[in-house]
Amino acid sequence: MCGIVGYIGNKSATDVLISGLKRLEYRGYDSAGIVVVSGGKLHTVKQSGKVRDLEQMVYSRWDEKFQAGATLGISHTRWATHGSPTPENAHPHYDQTGRLAMVHNGIIENYSSLRTQLQAKGHVFKSQTDSEVLIHLIGELYQGNLVEAVCAALKHVEGTYGIAVVSAERPDEFVVARKGSPLVIGLGEGETIVASDVSAIISHTRQVIYLDDDDVAVVRASGVDVRNINNVPVSRAVAKVDWDVGAAEKGGYEHFMLKEIHEQPESLGNTLRGRLDEQMGTALLSGLSLTPRELSAIRRVVIVACGTSYHAGMVGKYYFEELADIPTEVDQAAEYRYRNPIIRPDDMVVAISQSGETADTLAAVREAKQKGALVVGICNVVGSTIAREAGRGVYLHAGPEIGVASTKAFTCQLTVLLMMALKLGRCRRLSRQNGMELCEKIQEIPKLVKAVLARNDEIVKVAEQYHQARDFFFLGRGAMFPVALEGALKLKEISYIHAEGYHAAELKHGPIALLDKQTPVLAMVNDIAGRDKMISNVQECRARHAPVIGIVTEGDADVEANMDHVIHVPKCSHLTAPIPTVVALQLFAYHVARLRQCSIDQPRNLAKSVTVE
Ligand code: F6R
């Protein structure tokens with residue numbers, strides 16, 4: 001959610017931190033701040049607004065010589081939770097003496113009682129944040145050894161944190177720690193860079209250490225010294241990041257979201273690569289680490305996820321039930337652990353998360369593991385907390401998703417779910433022949449998406465006609481119902497138009513009262529099961545004068561005659577059809593938002609990774 005970058009090395013810390021913050025800006029962006037250590041002092045600039053506002057202030061306030069001279073610093077982009085986005089509430093925060101400073105991601109849940117205890121000892125707080133309490137506590141316990149004070153303070157903390165702490169006395173090191181909020185340490189030549197996300201690190205080095213929960217590390221230019229919360233050294237493996245910098249940049253597109261929509265044939269190709277065994281008509285998915293015997297023993301699948309990933313899970317339910325004959329439930333991760341979920345020994349819990357850091361999904365994973373379930377992760381970010389805690393699963397290999405609105409992760413999630421259902425199905429009821437046919441259909445997915453991307457102009461025309469609408473309905477049946485939900489979510493989050501996703505049959509049970517000629521309806525009328533019923537539902541809408549935009553299969557002339565406008569998708573299996581269909585909806589939402597001049601990659605009030613409940 002918020003972003004952290006820390007640096008120590010042989011370059012100007014200011015330059016490295018500002019460029020690192022820009023790469024993290026998509027995570028949270030209502031204010032930002034930086035502190036560098038130089039000449040036995042801490043120098044800070046904090047600002048509300050975008051990183052470029054901070055950058056302007058930093059470079060106008062600090063002279064060039066000073067900037068080049070400071071080689072240690074920490075910085076932060078904030079997405080407000082406690083206290084509004086003002087410069088006072090922006091990070092870094094100081095301890096009581098003003099000699100220690102800290103940036104923090106996460107939430108200190110017991111901050112209020114800690115604050116009262118510290119106030120009783122004379123501490124005065126300058127912000128409304130929970131974070132400031134933690135650095136005051138570290139300062140209270142500091143007796144000349146920073147890592148000791150950090151470990152001691154963290155033992156009093158309930159909640160989540162990724163922190164970086166500097167001391168005016170120590171120009172040669174700083175201390176970081178994590179619990180529930182990601183932190184990655186990049187090991188360069190004579191420099192070390194710490195960030196909440198590898199995208200801020202990869203232009204410096206690809207050698208990284210992912211900290212575990214309860215790790216604390218002393219960071220120096222020559223490397224790191226990782227300890228546990230009892231200040232006892234622990235060893236952590238060095239991993240290699242295989243993304244390149246270009247993948248984290250816009251590559252000529254106007255927005256990351258558009259780039260990521262267009263990248264889908266390639267990212268889907270990466271998701272599929274080496275994972276289908278066409279001869280045996282099955283999927284390989286070695287990361288599941290489950291034998292055919294273990295797979296066939298599964299009696300129920302429970303999918304937990306949030307937002308777009310939850311919609312992917314809803315489509316997954318159709319896949320698992322149809323192909324593998326396994327009863328499947330889909331749970332909103334935020335609800336899961338609060339309702340005493342029943343876990344049986346033969347259940348498989350599938351956690352879907354692009355970032356692998358979503359707090360509610362992580363909590364659901366922990367709940368399921370604690371109750372003894374077999375947990376499988378479907379994540380995009382390699383080494384992310386959910387991927388590691390699940391211990392087994394399937395990576396999407398979609399590449400970094402920077403635009404806040406999830407696009408390529410969703411289509412890759414559907415593809416992974418389809419392959420998982422195929423694999424489970426082959427251990428149970430699906431014949432080799434059926435499996436081989438399905439492999440062929442799955443292999444077609446990148447081509448289907450390409451065909452929709454080629455229809456961009458058709459989609460732009462419809463967007464031009466309706467971008468000023470105030471409300472939209474998205475309707476679907478079967479696996480197209482979650483696709484309708486996802487289309488509505490995309491539109492509302494980036495264009496700020498009110499959009500409702502509904503099962504087409506539910507319309508008559510209430511919401512049809514809202515339809516009139518000002519309320520366009522996007523209807524998934526693909527040439528698959530349910531098409532004729534969808535046509536009837538469309539007629540109901542048109543009878544209320546609502547203009548209907550049909551997502552229709554190429555060549556389905558009968559359907560076209562029943563629509564006010566059409567967006568074409570290629571003919572394909574009902575199992576793969578959600579993927580090209582949702583790509584059409586992603587493009588539609590994108591163009592509507594562009595015509596309304598919205599901030600597409602950084603929509604208001606949203607952050608890419610939701611690491612708070
Ligand atoms: C919407 C969107 C969110 C995420 C949700 C879960 O475009 O991106 O709804 O899908 O916050 O995030 P992950 O998949 O990272 O767990």
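Modeller: We'll take the ligand, then the salt bridges.

Modeller: This is a predicted model, so I kept cut-offs: local features need pLDDT of at least 70, side-chain atom pairs count only at pLDDT 80 or more, and totals for chains, interfaces and linings use all residues. Residues are numbered from 1 along each chain as its sequence is written, and side-chain values use heavy atoms, with hydrogens and water left out.

Colleague: How many residues surround the ligand?

Modeller: 13 residues do, and the closest include S309, S355 and E493. Near means a heavy atom within 4 Å.

Colleague: What is the make-up of that shell: nonpolar, polar, charged?

Modeller: It splits into 3 nonpolar, 8 polar and 2 charged residues. Asp, Glu, Lys and Arg count as charged; Ala, Val, Leu, Ile, Met, Phe, Trp, Tyr, Cys and Pro as nonpolar; the others, Gly among them, as polar.

Colleague: Which helix gives the largest share?

Modeller: α10 does, with 3 residues. α10 (307-324) and α18 (480-495) each supply at least two. Helices here are DSSP runs (H or I, at least four residues), numbered from the N terminus.

Colleague: Which polar side-chain atom lies 3.0 Å from a ligand oxygen?

Modeller: One from K490. A polar side-chain atom of S309 is 2.6 Å from a ligand oxygen. For S355, a side-chain N or O atom also lies 2.6 Å from an oxygen of the ligand. The ligand alone exposes 400 Å², and the protein buries 90% of that. Those areas are Shrake-Rupley values with a 1.4 Å probe.

Colleague: Switching topic. How many salt bridges in the whole structure?

Modeller: The search finds 33. A salt bridge is a side-chain nitrogen of Lys or Arg within 4 Å of a carboxyl oxygen of Asp or Glu.

Colleague: What does E389 pair with?

Modeller: R366, with the closest N and O atoms 2.7 Å apart. E389 sits in α13 (residues 385-390) and R366 in α12 (residues 359-370), 23 residues apart.

Colleague: And R531, what's its partner?

Modeller: D556, at 2.8 Å from N to O. R531 is in helix α19, while D556 is in the loop between β25 (548-553) and α20 (557-560).

Colleague: Buried or exposed, those two?

Modeller: R531 and D556 are both buried. Buried means under 20% relative accessible area, exposed over 50%, partly exposed in between (1.4 Å probe, protein chains only). Shared partners join D527, R531, D532, D556 and K571 into one salt-bridge network.

Definitions and conventions. A polar contact is a pair of N or O atoms within 3.5 Å; within protein, one must be able to donate a hydrogen and the other to accept it, and residues adjacent in sequence count only if both atoms are side-chain atoms.
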